[in-house]
Amino acid sequence: MRKGKALPASWTAGLFAKLVLCIVLLLAPLPAFAVNPDEILPDATQEHRAREISSQLRCMVCQNQSIDDSNADLARDLRLLVRERIKDGDSDGQVIDYVVSRYGEFVLLKPRLNARTIILWAMPVLLLLIGGLSLLAVLRKRPAQRTVAALTAEEQARIEDLLKK
């Protein structure tokens, strides 16, 4: 059998460094830059406001992402709409109210507390109360621990007799 030549130390170090770099790049979470450069407002304050508002609005296509994180065309349109309203001088509340008036409460990632959403906000507390009361009821209906009667002399003698065998 012919033995192969060993790689020079510089090659193995270089291969190891490249392997580590590849693993780091594959495992590193890359931020999703959904906001295109042509959407960014020239005024940094207005852009910051637009980002804050966009992070509160749900993408109607993705439904679990804000419009700031989504690459969907509708999300882009909503980002442009938000920036347009900010440029026109609307306050943050006015921009959000405008978008909600067009798309409904579902567009908000965190729904407002009102008569229609009270059940949504109260449900976790109600479920905890119902669960706690159910557990309490089950524990109360449970039979009390039974007391074990002591063995009679006859039973004790029988056990001793069996153990001796």
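Q: Over which ring does the charged end of R85 sit?
A: In this predicted model, the charged end of R85 is placed over the ring of Y98, at 3.8 Å from the ring centre. Another such case is R58, which lies over the face of F106, 4.5 Å from the centre of that ring.

Q: How many aromatic pairs are there by this rule?
A: A pair of aromatic rings is described by two quantities, the distance of the centres and the angle of the planes. Here the count of aromatic pairs is zero.

Q: How many disulfides does the count give?
A: A disulfide is a covalent bond that joins the sulfur atoms of two cysteines. The count for this model is zero disulfides.

Q: Which residues of the largest nonpolar core touch the most other members?
A: Among its 18 residues, these are I53, L57, I67, V82, I86 and V99. Two or more residues of this core come from each of α2 (44-54), α3 (73-87) and α4 (92-103). The largest share, five residues, is from α3.

Q: What is I86 in contact with, leaving aside neighbours within four places in sequence?
A: The contacts of I86 are L41, Q46, R49, A50, I53 and V95.

Definitions and conventions: Residues numbered from 1 in each chain as written. Predicted model: local features only at pLDDT ≥ 70, side-chain atom pairs only at ≥ 80, totals over all residues. Heavy atoms only, no water. Core = buried A, V, L, I, M, F, W, Y, C linked by side-chain atoms within 4.5 Å. Buried < 20%, exposed > 50% of the residue type's maximum accessible area, 1.4 Å probe, protein only. Helix = DSSP H or I, 4+ residues; strand = E, 2+ residues; numbered from the N terminus. Contact = heavy atoms within 4.5 Å. Phe/Tyr/Trp six-rings, centres within 6.5 Å; stacked < 30°, edge-to-face > 60°. Lys NZ or Arg CZ within 6 Å of the ring centre and 35° of its normal. Disulfide = S-S within 2.5 Å.
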